[in-house]
4 protein chains.
Amino acid sequence: MSHNTYGHLFRVTTWGESHGPALGCVIDGCPPGIRFTQAEVQADLDKRRPGSSRFVTQRREPDQVRILSGVLPEDDGETLMTTGTPISMMIENVDQRSKDYGEIAKRYRPGHADYTYDMKYGIRDYRGGGRSSARETAARVAAGALARKVVPGLKVRGALVAMGEKDIDRNNWDWSTVDRPDNPFFTPDEASIAIFTEYLDGIRKAGSSVGAIIEIVAEGIPAGLGAPIYGKLDQDIASLLMSINAVKGVEIGNGFAAARLTGEDNADQMRIGKDGKPHFLSNQAGGILGGISTGMPVVARFAVKPTSSILTPRKSVDSDGNEVDVTTKGRHDPCVGIRAVPIGEAMVACAIADHYLRHRGQTGRV
Amino acid sequence: MSHNTYGHLFRVTTWGESHGPALGCVIDGCPPGIRFTQAEVQADLDKRRPGSSRFVTQRREPDQVRILSGVLPEDDGETLMTTGTPISMMIENVDQRSKDYGEIAKRYRPGHADYTYDMKYGIRDYRGGGRSSARETAARVAAGALARKVVPGLKVRGALVAMGEKDIDRNNWDWSTVDRPDNPFFTPDEASIAIFTEYLDGIRKAGSSVGAIIEIVAEGIPAGLGAPIYGKLDQDIASLLMSINAVKGVEIGNGFAAARLTGEDNADQMRIGKDGKPHFLSNQAGGILGGISTGMPVVARFAVKPTSSILTPRKSVDSDGNEVDVTTKGRHDPCVGIRAVPIGEAMVACAIADHYLRHRGQTGRV
Amino acid sequence: MSHNTYGHLFRVTTWGESHGPALGCVIDGCPPGIRFTQAEVQADLDKRRPGSSRFVTQRREPDQVRILSGVLPEDDGETLMTTGTPISMMIENVDQRSKDYGEIAKRYRPGHADYTYDMKYGIRDYRGGGRSSARETAARVAAGALARKVVPGLKVRGALVAMGEKDIDRNNWDWSTVDRPDNPFFTPDEASIAIFTEYLDGIRKAGSSVGAIIEIVAEGIPAGLGAPIYGKLDQDIASLLMSINAVKGVEIGNGFAAARLTGEDNADQMRIGKDGKPHFLSNQAGGILGGISTGMPVVARFAVKPTSSILTPRKSVDSDGNEVDVTTKGRHDPCVGIRAVPIGEAMVACAIADHYLRHRGQTGRV
Amino acid sequence: MSHNTYGHLFRVTTWGESHGPALGCVIDGCPPGIRFTQAEVQADLDKRRPGSSRFVTQRREPDQVRILSGVLPEDDGETLMTTGTPISMMIENVDQRSKDYGEIAKRYRPGHADYTYDMKYGIRDYRGGGRSSARETAARVAAGALARKVVPGLKVRGALVAMGEKDIDRNNWDWSTVDRPDNPFFTPDEASIAIFTEYLDGIRKAGSSVGAIIEIVAEGIPAGLGAPIYGKLDQDIASLLMSINAVKGVEIGNGFAAARLTGEDNADQMRIGKDGKPHFLSNQAGGILGGISTGMPVVARFAVKPTSSILTPRKSVDSDGNEVDVTTKGRHDPCVGIRAVPIGEAMVACAIADHYLRHRGQTGRV
């Protein structure tokens, strides 16, 4: 994985900036004969879309996806079938508020990639964060919508499990809560909706921001995906989750807590189930042992930092070498982690789809 | 990254099992003209070598490296110069205690990759963990020894910062402590040596095991390494650290703690330093913003789980479908995380070397 | 190189079918700070465009390129500057004559990929050749327009040197002839224009087709590009030229003729030039020795087969297992090799740009 | 493909120089459960081995292969079974005649990579050609021996079809002739043995050299391998054949001759065979249409240039800028193309094995 492409057999290349005419992705290596609809892709995109509540950025983007290649329409006029050739999807940028970037163009916003871009490229698209804009993640979500279809029976779901200092109560976990229309947080704990609402309203009014922790659970993965050494399934999941903007940590199963446990407490014991097959008695490992899937649900978590775009002035410098104070004006996103839930799902789905094809390629066992 | 190779321009392929005749690596893409000695590589390997204290596995392996290609000897008979062609390094396995694997060959050790190997390949080298043996990491360390030389001024160091329930006191951090001969733990906190000794002796005598957290700090990295989207420097570091055996979590800078902070507390402010150049006033980001190095030290941590090879019987099954109890006999490693310190250093060094060459390739700016 | 992407650091992914809404490419890894205009890309596309003479397909496609990402407009409103992020270019398909594909959909046209697609994918976009349509090559030409700018001083030119049984007279070689408006053949030999015209008119009227041989010459390449073994510059040029539709052979320098020569006749001798630097006294090697550029012009030739879309009925079968006779109706292209000239230039330019960046990455020597 | 690795799923990395202690390869991605013996690999190596007749280099190398990883021995003590992990094979260099390289070290041998190495790396292993030595091809042959086993029923054979000005008579083609012990040329035409012997003895005694053309025929390839655009089967075969030392041209099926034909003559017509399946009535295409295998034999040819190591003095320069005359002393190989036969077989086998796994990965259809 490098440049703007990820995946080895199921490969996704994304392109586009915040303020260019469009953004999109090319999905290469998708198996032929997969049926899907544009509406399914759009449904995933709508989960990530800005402007859906007062807790996410108010940029108005319909995020309408166009599918430009790699499919044959079925007779129902709706179903598309993949042909095995590259699938190009494009989303036009609509709400590119024109403004005077004169001042911003030179200022390095603390916590953003402005300074590092200038160090890397010597040139930077200062309009709305350019390539580093969270808008790029729309392309990931579109790709993920297709990745979900590659592995028969695969189900990838995500939930927000912590926001700033507040954690959910895992005893209340109910997946149906996550998608409730009155739940702007993707939390699986009904009781946390009110708590998060009050907490985040406070953060928002203070012009501040907080981070979040997201958990992704993927079920229906056959045992055997991954590879022992540098093609570990958890490695590629970690890589892709870490590639999401503002992510600073990734863990699988017990994750960092495993470092605190003894071998007795951390290992998953096995027994023969009623079906005569091996079963794990627990899932401390998060569905992956030695880099290879066990058949249990794959469980990954990632930490999203608070955005540095806040209303409090922060000390910085500009590209001319002047010391400046930077304050975010206009749109303000108090918890960018919320919208990371569908993005995390997409990345995990893509990693699994890729490993499914790689496993089939090398071993022919699925 | 996939299969048994990692890196895009500085590429490392490793091979070998625990109980085969040898293991090794091929380093491909190393710049020409780099001077190093076999002794330098050996010094890194000796840090990882088993048998160096009662707290690590007692397998007796000299881990003598042979350099088979890609170098020209200088006149001093010691210095080697890279020629730009692939550098093959080999380490012979010496201490392959022959024993009867009859019973073990079929049993799935809980927490190990035995079951998942059988699911993936339908065949498994049961001798000492086969490819998943920690011996593979010797090849990584050898590659890392060279990677350190690729970036002028690069310094990569690691330390153990937590073992099971015990944390170091970061106020006592002293890098010189890490390499003290009376410090078998790579801890940077002198006071923790006695604490860890007592704690781990208890674990060892109980036939149990604990996990650990390792921190890697890389200094001397120019600003500009990495890429905005799928070639993020932190992404590749996360990928490589997660590829180490038994690692279950990775974080950069504030990591998971960042999720708990506000934007005010997490952002690194900037000012113009006395040298007239931009300086960061803190390093919450761990040296990476938007996937690109800032010029500050890169700070990464990873969590190593406790090994499941313990003296307490654990429930499992075998490949014939029988329920069995598994107890580890013989060599026992109470905290496999200790030896992960030089391995983590090697992986971070390789990631940085690769990004240095990639950055030079695309931009010509270093 | 695999799937729909080529290149290692300068990477091009293309997408799109003959009869979808559009086709395009994503250029990833292009250095930042390169200046170009949309008109320059368009000029290259216009050389490849169908419908420019009676000797090429009469499909009417304006092939207007849109540049969707990866650039910043300069103040002159025309110049674009690359930012180092992926450059997405799109060309809409306009002339997709709607027709009844009922019969054609099942028939395997001899010499085309119809049968092999069905064998590979079990599904096939039968509309105009789908992904295998020569329209895909527009995306290559667009990418090549940028690749030409990556290496300072690089000049890549192509010419048709044989058509069916007719060869040019190399003694008449004049590059300025190639681009003359009255030369529909890209031949560098003025005398051959009349010969080819008469010959190809005969072929065209007979409803037949012929093949062609194209020669590409790239000048201004610094010595040192390429690599000794599996990253040979000639290897990557051969790979990319062979990836062009209908190409069946590739050669470098003396090529197949070298097999007939003695070592005395085939080797390029060297002397010190008036500039005090090593000079080659000839260029039998076509600018590449041991996979690495010598600094002399790189010379490559490739053979394009005659299209099988002819007016004479050919025996074939359909996907239902019936024996059928296939005759091409409508548009007919008597020598598809003509339009391969700008495509070959683009592929060679891309290979060189990629190796230039790779060489800079590994060695820092350019 | 780049650096010193080729293949996407079946990946081969080679390492080693002419005068280092050893050379070898790592085969990564080989399916598990493939049975083979070391003797089978050795048999392929023996075909390529130097010193087998007076027409090939007299360097005495036993080329004994050692298999260091990735296999489990079966009970018969001879059969090895692949485990799916990387297979490392090593061949020690034995006959490294020590000599004084003082003078040669600086001289650029015409037609060799000496000058280009210095231009690329600024340093060069002048001992016996270093990495560019034909010894590297032993590693390819070892890898090819395993690749042949990946595709059930695959048979890859090669033959020399032209040497200098002499061609075989294709009407005499008999595969059994190729392996006859009295045939040092791998020619399939019995009558040509005497012709080549006399011709090459003349060349050898004159201290000269000639080129050769090799043809590789691969049978038993299922239809459907390859991909339409940049993963064409012929493209990857061309790339790998062109990566062999001294190869200057590659062609598939009719190759360059196709450019001279009409569409009527070049297309392969189809009919339904007695087995009720589609059959091709000819194989002008060399088994590949649109980049995808047709099920017919894949036929590839490549041209090997005459070595420039001849006894006639050639004009050159040295790295100090002096004009010198270079004459080859000692071992002299009048037709390096002869030994290219088993190498070409290996490369084609590797390309097909890789595409077989890729096809299975993406489509699950084999």
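Between chain C and chain D of this predicted model, the count of salt bridges is six. One of the salt bridges joins Arg260(C) to Asp167(D), with 3.0 Å between the closest N and O atoms. Turning to polar contacts, 67 residue pairs are found across the interface of chain C and chain D, with both residues at pLDDT 80 or more.

Let me now turn to the extent of this interface. The size of an interface is often given as the accessible area lost when the parts come together. Here, chain C and chain D bury about 9,000 Å² between them, and 57% of that area lies on carbon and sulfur atoms. On the side of chain C, 10% of the area buried against chain D comes from Lys120(C), Tyr230(C) and Lys248(C), more than from any other three residues. Chain C contributes 114 residues to the contact, and chain D contributes 114 residues.

How are the two copies arranged?

Finally, I come to helix H1 of chain B, residues 38–48. Its buried residues are Val41(B), Gln42(B), Asp44(B), Leu45(B) and Arg48(B). Viewed down the axis of H1(B), these buried residues fall within an arc of 160 degrees, so they line one face of the helix. The partners against which they pack, in chain B, are strands S4, S5 and S8 together with helices H3 and H8.

Technical notes:
Residues numbered from 1 in each chain as written. Chains lettered and ligands numbered in written order. Predicted model: local features only at pLDDT ≥ 70, side-chain atom pairs only at ≥ 80, totals over all residues. Heavy atoms only, no water. Buried < 20%, exposed > 50% of the residue type's maximum accessible area, 1.4 Å probe, protein only. Helix = DSSP H or I, 4+ residues; strand = E, 2+ residues; numbered from the N terminus. Arc of directions from axis to C-beta. Contact = heavy atoms within 4.5 Å. Buried area = accessible area lost by both parts, 1.4 Å probe. Salt bridge = Lys/Arg side-chain N within 4 Å of Asp/Glu carboxyl O. Polar contact = N/O pair within 3.5 Å; in protein donor to acceptor, adjacent residues only side chain to side chain.
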